[in-house]
Amino acid sequence: HRAELWTSYVRVVEALRPRAVLMENVPDLAGWDDGAVLIGFLESLRELGYHVEARILEAWRHGVPQHRTRLFIIGLQGHGEIVWPEPVEPAPTLRDAIFDLPPVAGAQRRDTIPYWSEPESALSRRLRREVPAEDAGLLHDHVTRDVRPDDAEAFALLPEGGTY
């Protein structure tokens, strides 16, 4: 059962004894079995000598251009201080991340395509900062699927900025 997978994680931590552990999951995990899953996971890490904390973070508040909420669990050996990231301002948008990507047709399947655009935002400049020189003019994994007819009909009805 999915609600018991954390026990495998704890066994790996017990065997390896890393200085720090990090796990992210769906926020709903905190409510599984009336909170018993999260409590059991945290207590198991504490029994191994980890100082643990759990928080739910919204990705867009921390530099990720995505409306996604995740549960994070951090554990440090001993009693080290856990420092959670501060929200960033302004929050990046999807436009900041992908506006400079070349348009591609439906069902574009090539793994690598040419990429000549200059970065348009601080985020896109940061994302390219450590790209090796041999990859600077290439874009990897910019693949698409064909749009199904029912999706195309729904997309045509959406106002700009609307959601499916």
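Author: Start with arginine 148, which has a relative accessibility of 46% and so counts as partly exposed. The class follows from two cut-offs: a residue is buried under 20%, exposed over 50%, and partly exposed in between. Keep in mind throughout that this is a predicted model.

Arginine 148 has a salt bridge to aspartate 150, with 3.0 Å from N to O. Aspartate 150 is itself partly exposed, because its relative accessibility is 42%. Arginine 148 also meets the side chain of aspartate 151 in a salt bridge, here with an N to O distance of 3.6 Å. Both pairs qualify because the cut-off for a salt bridge is 4 Å. Aspartate 151 has a relative accessibility of 5%, so it counts as buried. Salt bridges with shared partners join Arg145, Arg148, Asp150 and Asp151 into one network. As a general point, side chains of opposite charge can pair when their charged atoms come close.

The total for the model, by this rule, is seven salt bridges. Another of them joins glutamate 58 and arginine 61, where the closest N and O atoms are 2.3 Å apart. Glutamate 58 has a relative accessible area of 29%, so it is partly exposed. Arginine 61, at 37% relative accessibility, is partly exposed as well.

Val147, Phe155, Leu158 and Tyr164 make a nonpolar surface patch of about 400 Å². Of these, phenylalanine 155 belongs to helix H5, which covers residues 149-157. Its relative accessible area is 39%, which places phenylalanine 155 in the partly exposed class. That value can count towards a patch because patch residues need over 30% relative accessible area.

Leucine 42 is buried because its relative accessible area is 11%, under the 20% limit. Leaving aside residues up to four places away in sequence, leucine 42 touches Val52, Ala54 and Ile73. Sequence distance and spatial distance can both be given for leucine 42 and leucine 76: they are 34 residues apart in sequence, and their C-alpha atoms are 12 Å apart in space.

Helix H2 also packs against helix H1, which covers residues 6-16. The angle between them is about 5 degrees, and their axes are 10 Å apart. H1 is therefore roughly parallel to H2, because angles under 35 degrees are put in that class. On the H1 side the residues that meet H2 are Trp6, Tyr9, Val10 and Val13. On the H2 side they are Val37, Gly40, Phe41, Ser44 and Leu45.

Glutamate 47 is another residue of helix H2. With a relative accessible area of 68%, glutamate 47 is exposed. Glutamate 47 and arginine 109 are 62 residues apart along the chain, and 49 Å separates their C-alpha atoms.

The backbone has some details to check as well. Arginine 17 is in the loop between H1 and strand S1, residues 20-25. Its phi is positive, about 50 degrees, although arginine 17 is not a glycine. This arginine is partly exposed, at 39% relative accessibility. Further along, the loop between S1 and H2 holds aspartate 34. Aspartate 34 has a phi near 55 degrees, again a positive value in a residue other than glycine. Aspartate 34 is exposed, because its relative accessible area is 78%.

The bond from glutamate 89 to proline 90 is cis, and its omega is near -10 degrees. Proline 90 is located in the loop between strand S3 (69-77) and helix H3 (94-98).

To return to the charged spot: arginine 148 is bridged to aspartate 150 and to aspartate 151.

Technical notes:
Residues are numbered from 1 along each chain as its sequence is written. This is a predicted model: local features need pLDDT of at least 70, side-chain atom pairs count only at pLDDT 80 or more; totals for chains, interfaces and linings use all residues. Side-chain values use heavy atoms; hydrogens and water are left out. Buried means under 20% relative accessible area, exposed over 50%, partly exposed in between (1.4 Å probe, protein chains only). Contact means heavy atoms within 4.5 Å. Patches are made of residues with over 30% relative accessible area and no salt bridge: like charges are joined within 9 Å, nonpolar side chains (Val, Leu, Ile, Met, Phe, Trp, Tyr) within 5 Å. Accessible areas come from the Shrake-Rupley method with a 1.4 Å probe; for residues, only the protein chains shown count as cover. Helices (H or I, at least four residues) and strands (E, at least two) are DSSP runs, numbered from the N terminus. Axes are lines fitted to C-alpha atoms, for helices over the stretch in contact, and angles run from 0 to 180 degrees between N-to-C directions. Angles under 35 degrees count as roughly parallel, over 145 as roughly antiparallel, 65 to 115 as roughly perpendicular and the rest as oblique.
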